Each structure stands twice: as structure tokens, then as C-alpha cells.
Amino acid sequence: MPGTNLIVPVVLWGKHAPTHCVSSVYLSRDQKTLVTGCYDGQICIWQVNPDTLKMTPRCLLVGHTAPVTCLSRASIIQDNNFIVSSSEAGEMCTWDLVDGKCRESVKLSQIHTNIQAYHMCNSEDLRLFCNGYYAEILIMDPFSLEILFCLSSKMNPDWISALHVLRPSSRKDDVVLAISITGTVKVWSLLGHENKQSEPIYENESKQIRCLNALSLNCCAHNQRTVLVVCAKYCQIYDAGDFSVLCSMQAPSGERWMSGDFLAPDRVLVWSTEGKGYLYKLPANKLRGRAISSSVPDHKGFHGPTVDHDSPVLFSILAHPDNKLLSCPPAMRFILTSVGGKQRRLLLRGDSAGVVSLWNVDDAAVPVPTSVPSHAPIVMTSLDMAWAEMNPSPVGILDQFGHPEDPEIKLTASIYILAANRLVVGRSDGSIVIVNATHTVQLQLLHGAHQQLDDWPPHQLLLGHNGRVNCLLYPHHVHQRYDKSHLVSGGIDFAVCLWDLFSGALLHRFCVHAGEITQLIVPPHNCSTRIQKCICSVASDHSVTLLSLSERKCVTLASRHLFPVVTIKWRPADDFMVVGCSDGTVHVWQMETGHLDRVLHGMIAEEVLAACDETLADDLGGSMSAGSGDLQGLANPAVHFFRGLRHRNLTAMRAATARGLAALQAPERGGGAGPLAEPARPRRAPLTVQGFRSNPADPESHILFFDIEGLIVELLSEEYSAMSPASLEAAGLITSEYMKVAALTQSASPDATKRISDFFGRVKDKAGDMERILKEKDKHDFLGRVKDKAGDVERKIKEKDKHGILAKMKEGAETMQTKLQAKAEQLKGHIEQKDDTTPTKRQRPRDMSLAEPPHTMEIAQILMSLLHAWGLDADLDRVCESKLGLLRPMVPVCFGVVSRHGHMAVQLPTWLGGWAEACASIPDDPMLLNSNLPQELVRQEKLTRYLRLFTSKLHWELSTTLTTNHLLSIVALANTLMSMSNASFVPEQEVARRLHRPTTRGSSSWAGDEEREEQLAAQQAHIKQGWSLLATLHCVLLPDKVVAAGAKNFKRPQVEMLARRWQHHCLEVRDASQALLLAELGRLGPKGRKALVDNWAQYLPLYTHTESINPQAAPKEPVEKVTKAQEEEFEEEEEEIIRKPSSLAELKRKQTTAVVLLGVIGAEFGQDIASEGAAGNKRRKEGDSRKSSIVEGKSV
């Protein structure tokens, strides 16, 4: 999604926690943030209490497509919450842990197994030292994710299995110590000025040792002469000088070592695949170095004779008391933290069950004589435990179907049909539920009259599968060529079912696979006409089929794949379906004949898949010639004919012949109709409901994506569609026919303009000639006399009807007719809706969208109700409920943030539950405690109070990005609804508005109607005033009111995000961002604006110079050196601009934002900065005067 799109995600998690099989762990140095990556590609952020180490899951980061193998810090500053993650697919992302936004994302051909963040000499920030399935060591920038330089091997180049970067105490350069998988130890020395342009950097020295497939390598921080190398079966202590083995530790029986680290010069901690930590005391007489002789009293020398007590001694074990078996090795990490000047050593473990455990190593580091104690973890938690603690449990999208006594039926697949506002959900018992999407969301999230109804919203049940429904497809949504009524489902029972969506009837059951259906796909639009009526299904028996929905039979069965199918590509021009398998082979199938054309391996297979992507890009990019029709991109029909002949496939031959005839007739139809004949860009959906699960075994959660721009467009379209052409023209929304023609011909070339004017001239002349001919033929003026006669009759009737009774009757009849028609359509909608639920009397409406009144207002009602800051202004809340029709939320809402590259962060409900606990600690109201209310009502009242606290305060303390997006959304929508006539969510008023709207087209003279008009005008004024008050609250008053409500850390709107939307293409979003930006700048005060100018002036493009733009052009001193007071005061605004741009694209983006931001400050607030600048001009340096002169120049 583009960066300017305004999307508000809302998550309905359901009663089951997502599976989180931990693959990597990270704990920040300040002990406030824990990060866990999982094998399904998600990353979970946990809030940690530094004192108690209690961990609360906060949000889930979604973006990786493979297991997350590495997590590393990205900044040298302790409070700078950025991390870098890397996956097995070569994806790397830099995440902002506060907002959950993905700052940068790349996909490399190199796959990392380990990343060490290190602050190099002569560099301002950290560098990432990466090793993995490649022969070099890559040094990367953590923010741009660019490879700065790499370390190569001259001797025995091979994959590097482990590395360690350190700075020797007596030297100023950095040393990289690494070991390859074949056991070659290598040493590089880095001076800090290496870059991509320099010569290849080879190792300074290398040595072969007897150590294959090392898992980790660590130098002792206390004694740099000692190195710990861990392999699966043993770990060894080496002397860094000559790499001789000093001592060794065997892995316990049935376990394998994973990694280890030094606790002291003579103590090590090593952990195994069973998730246990072992603490060993090293023999002092085997170790070397000054640190040993000074710290260990019984040190006797370097190489004494080996005796029993010379081997390492196990003195403590860190393990779980229950000692459960794990399905895969846990992720473990030794962490050194410092809180309040006090150091703490922790061992962190995340396992396959999603349980995160913490051991305090300091407790176990003291040996106990004559025994080896086992220490249990001090803290244990998991997503499942956090979910179980929640009361009430998180809501799901179809909770109305669950009963406490009955076993729960899990949701396994879902699809949202926008045209009919229907959510189709497949379940684990084989049933498919179809329900009104906005109604079911209202039922789960919002208070209202609907909560008192028993069977609301009405639903439809499709029964046809035996067992779990795996996937659903609504083909018409993908392409218009499919029937609107067709719905396709695939299940665990090997069947693909075709349903009639309107009647609920099972039209056909395809049973051609020998495994459960895993995927349903729509072939491209430029396939042959027969394949265009098909859908593609994939099953777990590695087969792929093309099923014809019109012929109700299988066209192609591709079932010779030996391994699971992972990708399907298309070559419509050659009639090929290209199937990629998990073993890297590619099978090329002919679609029409079902013949296996060839099987490819290795590089050729990859090239063929890439070529399919190129053709797809060509089709989407419109690289074909202007006159090309649908037949242009297709293969030669003769090719299909000969293939059909070879494989004796009559159907393929018949289809090829028909296409050949069509191709022969195509030139007669003429070329393309030019650019005006192209279809308009499809409108964006105001709401999308997306099923979401982190693991295939999980039941589905659901994410509602509200597209603000799409919603505004739909609201205004509905408003304008009900207006008469005259009203539209009066409002300046459409122009007359001549203006339309003029607008169309304006941009044409002078030659084209001349031709068009000639054409209109000829038409005018022709019309004049015809009029003259008609007059000549009508010699007796017959037409004129008829016209006069009709005029006389009309005049006589008018004279007799002095009181205008006939006119009133006519007008009243028209009014009554329009009202009856509107009422009939409404009743028809209700009847059809009822018919949907009764299986006996189902009738198919002509079009899905006619089955109900438009649902755009319901979508807007849900979004506005969820985003509104309830509880800040009691009077406005009453207006919102009574006049505007907003509904109060029933539960705290989990929001999300969509960032670049399609990455997303979604809040977990446990984070809100943690707040509920904090609220529970607040003293209870004595009236509530002393009242004799039932316990359930008391609990409900507490929840209501917590909800008021959430909407008024906690909602605005989540993150600056959420605050900005939500304020923009609510202000833009409030302004849109204010511009509409009588736009309210109160059902009675909405019905009245729809009924009354047609009568406004004529002039009414009935007394009752005039009174009705006055009532509606007054009502409309009240409604407009309500929307205006709502917009004002969120645009201007909200920050002060939230702080007054007791918010400790209100997250202010981000100035940078608002400045980027200053010229947004959607007018309503543009107006909202401009109003919010001006309000925020005014709130900052002169000092705040001055600090903002100082921060952004460095990004202004230097138009006077001809130098090229490069990221290094930014000033050397980091922006972090702002005064402490300013940092605290404007912390939120400067989060995004705290460091130099890391890439050229980011620098250009910053330059654009700087121009807008400083221009606005100069235009609106230039005077106060200019006067302040004049007073302090003598003390200011040259660089500072440049910054202020920019603003002064803007204010002129």
C-alpha cells in the first residue's frame, strides 16, 4: 500500500491465542522490551516491568514469510527503540518498537544465521556483523539495511559458522574473530574507514583447528586471551594467542550444546537443546592471561600436568522443574542488563510451546559445596497464559454462534464480499456461515438496540462438506467474467464445492483430488476462453486441477508432482501452467490438453519462474500496443489445434478452432477505442475483512481494514447519486453538455481541435438544412397550428384552475408516488433479507447490491464509534448518541498500523487487559461497593468505567502514529458527513432522509410539506453542528482534555506525518491534515517551533549549489545533542527525526517534508520566530543564522 493511504486496522482476535513457536529472542538493555520471533514469521513485542520482570504481550509484527532467525538491536542509544530482524528467506526489516512500524525492509540473496551489533571505531552508530549461508562476513547499516562492506577469505574460503567482534584493550582498531564450518579460524583487523569501494578485505591470519560446524564463538570480556567455541557434542576453551585447546566440556547424555558465554574469567554458562543451562568452573591452572593470575588465587601456571581436578567442574544447572519434552530446540540468549546502575545477568529462553522463561544467573553463579543445585526460572509466561488471564476473553467475529455448553466450532476460512456486505466463514465442522458483515461487527464491538435481539443478524448456513473447510473463493470479486452468484469452497474431505450464493444451493461437487484442498486460485484473464471459466485448485496430494464452473467438470488434472506445490505461475500466451514444487523442480503443463510439457530443475527452473513474473509485469504495466484487444496477448490458435490433435483432445481442438475464427474476425471490429474507452480505475473498498492466523493449525482471527479515502468516496458518491442533475450543476459538481465536450477536447492537439470544430460545424449545418426542408414540406403550417392549439387548451385549463388545485394534485400525486416507491423498495429489501434466512422460500434477486440498502453509512458508523474519544465531553457524548447515532464501544479495541512494504503491527488484547488490572487497583466507588447489585452488574459497571478510561485516555497513549492516523480519520470523516445533507446514523432519521430526498427535486407548496421542510432544516442544522463539534474536539481540544483527564504520557500527533499529507490527493484528508498540523504547531509554542525549525532546517535542499544529493551531506553532529529539556518536551515529535537519513529515498522524503513544514511555520508563525531571531542574532553562529533566515524568508 502506498505511504499516503490512510488505513485503520481493527483486530478481532477470538478466544484462542495465536500459536507462537519461538525461534529467536531479544531483551533490551534497559529490561523494558522483550522481542520474540517465531517459526511462522511473526514477531511479538512484550512489555517488561524492569523491577519484577513481569512480561505482558503488547503487539504482533507481521511481515516476514519465513522463520525469524536473528534479532538484534539497531541503535547505540539505550532508549532508541529500533530492532533489526532477519528471516530464513533472506528478508531483513528494521522495526520501530514503539509504533510497530517497519522503517526499512530488504530481501537479500544471503541468508543470515547470526547477527552481532557492534559499535565500530570511527563510526557514529552501530554496525551489524552478519554471517550465514555464504562465504563472507557482511557489515550492514541497521537503518538503511545496505551492505557497507564485506570481509572475504583468501585461505580456505567457506561458510562462516560463528564470529565475534571485539576491541583489544591495548589497541584502537577492531578485531573480527571467525571460524568457518570446516574449522578454519580467521582474524581481520578493521580501522573504521572501510567501504564498498575499497579493495577486498582479506583475513590477516588464519589457522586450521580440529573443530567442525562450530555453533558459536565468544571471547571472554574479562580476559581476552580465552575463547569459548561451542560445537554440538563438546565445547572447548582455546587460548587466543596460538589457538591451542585448554580444556573441553562434553554435552550431557542425550543433549546437544547450542551456545555459551563467559560469566567470569574462570566460569562459563553453556546451554543445550533441551533448554537447560549448565554452569562450569574452569580449571585455573589451564587458563592464561593477567586477569587469571590476579583474580584466581590458586593459579599455578599455564601448562601443568593434567589431573582429575584440572577438568571443568559443573556446579549449577538452570532448568524447568517439569522438564517437559520440546518439539524443537528452544531459542536461548545470555543477557547482561543494567538498570539504575545495577548490573543483572539473565538467561532467556523461548520454546516451541511459546513459553518465555527467565533465569537469574547471579543466583546460580555462586557454587554450593558437595552438590549441584538445579535452579527454576524466576519468571515464566506465554501468550496462552496471558489469554487465559483475560476476563472477559477477547471477542471474535462470530461469537454469537457460540454457546457455553456446546463445544466450540473453530473458524477456519473466511472471505468478505464487498458488493453484498457479506462475510462468508468456513468452520471446522464443515458448515459455511454467511452473515451481514457490518451487523456482526456491531454486535461484537458496540452497544445498541441490536444487543437485545435474539437471532440478529440473520444468517445463512451452507452444509455440504464433511469436515473442516480449508479455503473459500468468490471468483467474481477477482474478475468480472465469473457469475456473481458463484461461491467456491475446498475442504478436508478432498472435495471442491460450487455454491449458489443467493439461494444457498449446492450446484456441484468436484471430487477429483486425493488429498485435502489447500488453495483456490483464479487463472489470468488472458487465458483461452475455456480456461477463463475455470478455477485452479491445489491439494495436499501434490495435485493441481483446473475445474470448469460452466461445464461442471475437471478440464486438467496435473498430478505427477512428487513434492508439495509451493507456487503456480501462468504463461497464457503459450497456454502453459507452471507449477513449482518444494524440491525446486518446475513442471510445465499445457492447460487445454492437460499434457505435461516438461520438467525443469536447477537454474533453468528458477529462470522460467522469473520469466513468468516478467510477463505478468508486462500485462499489468500495459506494455501492449494501444489497439490490442483481449486476443492480442494469447497464443496462436494453431499451436492449440496441433496440441489437441497430438493428444486426441477434441475439446481443445474445438476451442482452438473457435478462437482462430474469432481472431480472423477481430480486425473487422476496428482497433481500440482510444484512451477514453479504458475502464475507470476501480474504487477502493471502504472496508475489507481479512482472515488472519499465524499458524495453519490456529482458528482464524479477523482484521477489519477501514480505508478512509475509499469510505469518503463512497459516502459522497451515495450523496451525489440522490441529487438531481440541476442540483449537481448548481453545486458545481457537474457541468453542462457543452462544457463536457469542451473539457474532453481541450487537451487534444491543434489539428484534432480543428477537426472536431469542423465536425460540429457540419452537424450544425446539417441540422439547419433539415429544418429548412421540413418547413418547405409543411406548406400549410400544420405543425404550427397543432402547437398553437395545444397552447390554447393549456391556457384555458389554467384560467379555470384559479386556485392551482390541479397543480397541487399533480404535485401531491408525484410526491406520493416517489414516497410509495421508496417505501416499496425498502420493504422489498427487508423481505429479501428475510428470504435469505428461510431455506424454503429463497428467491434470487437480480443483483446482490439490491438486496439491502447501501451499507457505507454502517461502516462509517462503526469506525466513528470506535475512534471517538468517549468520556472527554459528556455533553458532546449525548449529542453523538442522540443526534448523530454513534454507538458506545462494548470492549477495548485492538488497533493496528500498516507501514510500508505491506508490513503491519497489530495490538494484542492482553496489553489492554494489563491496563484493566491497573484500573482494578484504583479504589472502588463506595456507592458501588455498598449497593446490593448482583455481582455480574457490578463487574459490568467496572468494565464500563474502564472503557471510558480507555477511550478518553489510554487510547491516546498508545503511540504517536496511532494518534495521528485516528485523529486524521475522524476529522476527515466528520467534515465529510458535515458536508452531506442530514447525514446521521440514527436509523429513523436515515430512513426519513432517504424517503424525503426525492421530493426535494420539485418545489412543494403543501402546508404539511412546508412544515416538514422546516423540521428537516432545523434537524439538519443540529446534525451539522454535532459533526462540527466532534471535529473541533478531535482537532483542537483533544490534547488538553486528555492531559486534564490524567494522561501521563499523551502521544502527540506526529508533525512529520501531517506535513506529508499537506497536499494529499483526497481533499477531505488534506483539509484534516492541514487543520491538525496548524493546531499542533500552535500548541508547541515559540520554543517548540524553534526546536522544530532547527531540526528540520538541515534537510532543506541547497538549491544554490550544484552538488549531488547524498546521505553523507547531512551535518556530522548527531541531532541527539539537543538540550535535555527540549528532548523531554518534544520527545514524540522528534522520534522520527532523531538521526540522519539512511538512504537516498529517505533523504528526498525528508527534504520534501522540510520544505512543507518550514513553509507552513514561516507563513503562519513567522513573526514570532523572526523577532526572536533579531534579538539573539549577535550570539548566534553562522549555521544558526541560516536556519532562522529560512523562516524569516518564508514569513515575508
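**A helix pair and an open sheet**

In this predicted model, helix 16 passes helix 21 in a left-handed crossing. The residues of this contact divide into eight nonpolar and two polar, with no charged residue among them.

Two packed helices are described by the angle between their axes and the distance between the axes. Here helix 16, which spans residues 856–867, packs against helix 21, residues 960–979, at an angle of about 135 degrees, and their axes are 10 Å apart. Because angles count as roughly antiparallel over 145 degrees and as roughly perpendicular from 65 to 115, helix 16 and helix 21 are oblique to each other. On the side of helix 16, the contact is made by Met857, Leu863, Met864 and Leu867, which meet His966, Ser969, Ile970, Leu973, Ala974 and Leu977 in helix 21.

The sheet lies elsewhere in the numbering, and strands of a sheet pair through backbone hydrogen bonds, either parallel or antiparallel. Four strands form this open sheet in the order 27-28-29-31, and their pairing is antiparallel. Its edges are strand 27 (331–339) and strand 31 (379–381), each of which pairs on one side only, while neighbouring strands are turned against each other by 20 degrees on average, direction ignored. Within the sheet, strand 28, residues 342–350, and strand 29, residues 356–360, pair in the antiparallel sense over five bridges. A point at which to follow this part of the sheet is leucine 346, which stands opposite asparagine 360 in strand 29.

Note on methods: Residues numbered from 1 in each chain as written. Predicted model: local features only at pLDDT ≥ 70, side-chain atom pairs only at ≥ 80, totals over all residues. Heavy atoms only, no water. Axes fitted to C-alpha atoms, helices over the stretch in contact; angles between N-to-C directions. Helix = DSSP H or I, 4+ residues; strand = E, 2+ residues; numbered from the N terminus. Parallel < 35°, antiparallel > 145°, perpendicular 65-115°, else oblique. Left-handed = near helix turned anticlockwise from the far one by under 90°. Contact = heavy atoms within 4.5 Å. Nonpolar A, V, L, I, M, F, W, Y, C, P; charged D, E, K, R; others polar. Pairing = 2+ DSSP bridges.
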